[in-house]
Amino acid sequence: MPNKKLAAVITVYRKYSHGQHIADRFLEGYGWNGAYHHPPFDLVGMYVDQVGADDLSKERAQRHTWLTLYPTIEGALTLGTGKLAVDGVIFVGEHGTYQKTEKGQVQYPRYQFFKQIVDVYQKSGRSVPLFNDKHLSWKWEWAKEMYDTAKAMNFGFMAGSSLPVTWRIPKFEMPLGSKIREAVCVCYGGVDSYDFHGLESIQCMVERRKGGETGVKWLQAYRGDAFWKAMADGVWSRDLMTAALCRSHTLTPAREGFNDMMPTMEEMKTLAKDPVAYTYEHNDGLRCTMMLMNGLVKDFNFAARLDNPSKIVSTQLYLPMPDGRTTLATFFSPLAWNMEKLFETGKSPYPIERTLLTTGLTAIGVDSLYAGGAKLETPHLEFGYQAQKESVFERT
Amino acid sequence: MLTTRREFLGTAAGAAISLKAMAAGRAPVRVAIVTTIYKYLSHGQHIGDRFLIGYPIDGEWHQPNVKVVSLYVDQKPEGDLSEARAKEFGFSVYPTIAEALCCGGKTLACDAVLIVGEHGEYASNDKGQKLYPRYEFFQQCVAVFKASKRVVPVYNDKHLSYSFEKASKMVRTAHAMGFPMLGGSSIPVTWRLPEVAIPLGASIEDAVMVGEGGSDAMDFHAMEGLQCMVERRRGGETGVKAVQMLVGDEVWKALDSGKISKALLSSALSRSDTPLGFSDLDGRTQDMVGDGVLPGLVKNPAAYMIEYRDGFRATMLMLDGAVKDFNFASTVRGVGNVSTQFLLTPIPNVTYSARLVQKIEEMFMTGKAPYPIERTLLTSGMLESCLDSKKQGSVRVETPALAVKYQVV
């Protein structure tokens, strides 16, 4: 049987853009499970929205002669035939130069490109599985429309970050049906960017709790002095924060001459100049906090308090960034592997509702910060779902 | 079914709890530190400091039930921290090893000795080995033990000595005098991606280890990475019969002729997070073996080929220019491919050294080495013999002295 055909819709294809990381794995292959793996798919059509001097798509199309670049999304999906001509679509609307909203959100055209993709599906009377990198849209209403459209048209829709599927150090899966009282992720990066990764790190764990996901009631963001006050007031548990920090490989030493030490709160204040936290409560009472602590850590560390028996669990969701630490963002390999499952079976290996929820949380986090740290009710996020039974993160 | 790393080491969480449980109601273990230098990011500092300020293990900041009572530093280069640490943590820096172990008195006044003979300015021999005075430090410790008629556990960082003869004497002395000894690299105890070990007693068909970073510093780490995997084979470790170290084009020829498995090299490299060349150029993933890019990237390849006494053969490759991490691949009968990356976490935290310190602390607390010192002894000898082979023009060198037998459990 010939390989299934794929199209890619990408904002920018330059070194270390998400488009490069993801599409390259389908073009060049990747290390998987102890061997060099070539996905059994042919990436044949590609649309790149912004082609600059650092573009790599032309080089890739030259070397991989089965790949054709098209000037439109419709062209990439129809291979110029006017009718959907591929079996799956890779959609990476991350990186590239786009305007920001007044709240600071980059207006990546995910909704607009999604509309163009489903337009081809509709005109062709046929839908194929679609992968959407990261959150669905910076705007909740658009994200919800994307979700509703995929449901109505009944195509496999997978989205989100690589955090839920990358290595965990140590290898830890939240047992299905766990009673979770509180969860935190201590990580780094920017608002409307890595906050989404932190939220997905938490959500891929807590969605496995007893009763499944029940949705989120409210969210409150803290920044700067408000963060330190919230921390002192015990808005989140210090022992969970410490447990998460003890999983970090990048804790900045607070004192000269020491290479690895646990900072006091006063020392943390000198290291993390502009910390951000999103604290939010689920409908079943679970309280979660995502912390961006630039200057303190450069990794993603999760901790949770479980009941019956009472214990703290913790792990690092491993993101070996090519920022000098590595040359390959190998966390895209388990994402590519799960995308292969989507294209093979037509079904996402994990629920799209996770990413719908984290998309909504990201947007509300930005709103709360914009409103000076107001506590915001989130009736639109009061939806539930069940996590998949299987573990889908990289373990072999 | 693969043995997971946790099963292999005993659950790490369990180990931390038992260290805590063992500490309850006990006086702190008095530790003397004997090191070449104590300077930021030297092994002496990052290992020694963990006994002073604690370290992260299993999601907790663990404070060992240890009191560092004395320090000897052989050299005090610019940036020396020994006096600052002594002042802050309430111990003394002594001018001799004997005085450090006796805390200025006449007899042994500590319960454990931490020897870190890595870093500092020392001469090199004609094999390119840096002549760290580990054997000499050890002998001075032993002299105190003898004079005091009392022995305590000794940890020796990295290989025991550049000389197998000296290393053997160290191990013989430890066994004869009846004190536990632990040595070696962090590589055997760091995280593995994935968390695998070769099932104990399995038949290993072939194994390839890939490292980088040059001879007589990083090749020891890679060699111990290889050894901690293959020592688990059927029959236990029997020692090494012969070694051969190839350099330059001979390495590529050995790969082309099948003397070294290309499939296993490819498998090991598939575990890497740091392929250079095209990945560095434009971020792309690449099959470095299949694409034939290695000879262009690696200017000075080296292959350390090991023939064990039971007939098993394995190869350690130092491929500076190809990758910047440490990866292993093997074929195990009935299991298939067992491959992993030994994770060396970023500088400055080097959190992998906390995993090593946990093992050192375990020996200090229990009086038993968590794994055999013979692993480090054999690895020290394999390394020296490989350098002998290289010096003699890459000839095969018989190694009757390396009949080091041991069994891991």
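Mentor: Let's begin with one residue. Leaving aside residues up to four places away in sequence, Y13(A) touches G19(A), Q20(A), A23(A), V48(A), D55(A), L56(A) and S57(A). Touching, or being in contact, means that the C-beta atoms of two residues, placed from the backbone, lie within 7 Å. This is a predicted model, in which local features need a pLDDT of at least 70 and side-chain atom pairs count only at pLDDT 80 or more, while totals for chains, interfaces and linings use all residues. Residues are numbered from 1 along each chain as its sequence is written, and chains are lettered from A and ligands numbered from 1 in the order in which they are written.

Helices (H or I, at least four residues) and strands (E, at least two) are DSSP runs, counted from the N terminus. Y13(A) has 31 other C-beta atoms within 10 Å, so Y13(A) counts as buried. The cut-offs are 20 or more such atoms within 10 Å for buried and 12 or fewer for exposed, with partly exposed in between. Y13(A) and D54(A) are 41 residues apart along the chain, yet 8.1 Å separates their C-alpha atoms.

Now for a sheet in chain A. Eight strands of chain A make an open, mixed sheet, in the order β9-β15-β14-β10-β13-β12-β11-β16. Two strands pair if DSSP finds at least two bridges between them. At the edges stand β9 (168–169) and β16 (375–377) of chain A; each has a single partner strand, so one side of each is left without a neighbour in the sheet.

Let's look inside the sheet, at β13(A). Five of the six residues of β13 (287–292) in chain A are buried, so this strand is mostly covered. Its pairing with β10(A) is parallel, over six bridges, and there C187(A) stands opposite L292(A). With β12(A), the pairing of β13(A) is antiparallel, again over six bridges; here Y278(A) stands opposite M290(A). β12(A) and β13(A) form a hairpin with four residues between them, and G285(A) in the turn has a positive phi of about 100 degrees.

Q220(A) stands opposite T279(A) in β12(A).

Helix α8 (238–245) of chain A lies across β10 (179–187), β14 (300–307) and β15 (311–317) of chain A, at about 55 degrees to β10(A). For such angles, axes are lines fitted to C-alpha atoms, for helices over the stretch in contact, and the angles run from 0 to 180 degrees between N-to-C directions.

Finally, chain A has a partner: 44 of its residues are in contact with 41 residues of chain B. For the complex, the predictor gives an ipTM of 0.97 and a pTM of 0.96.
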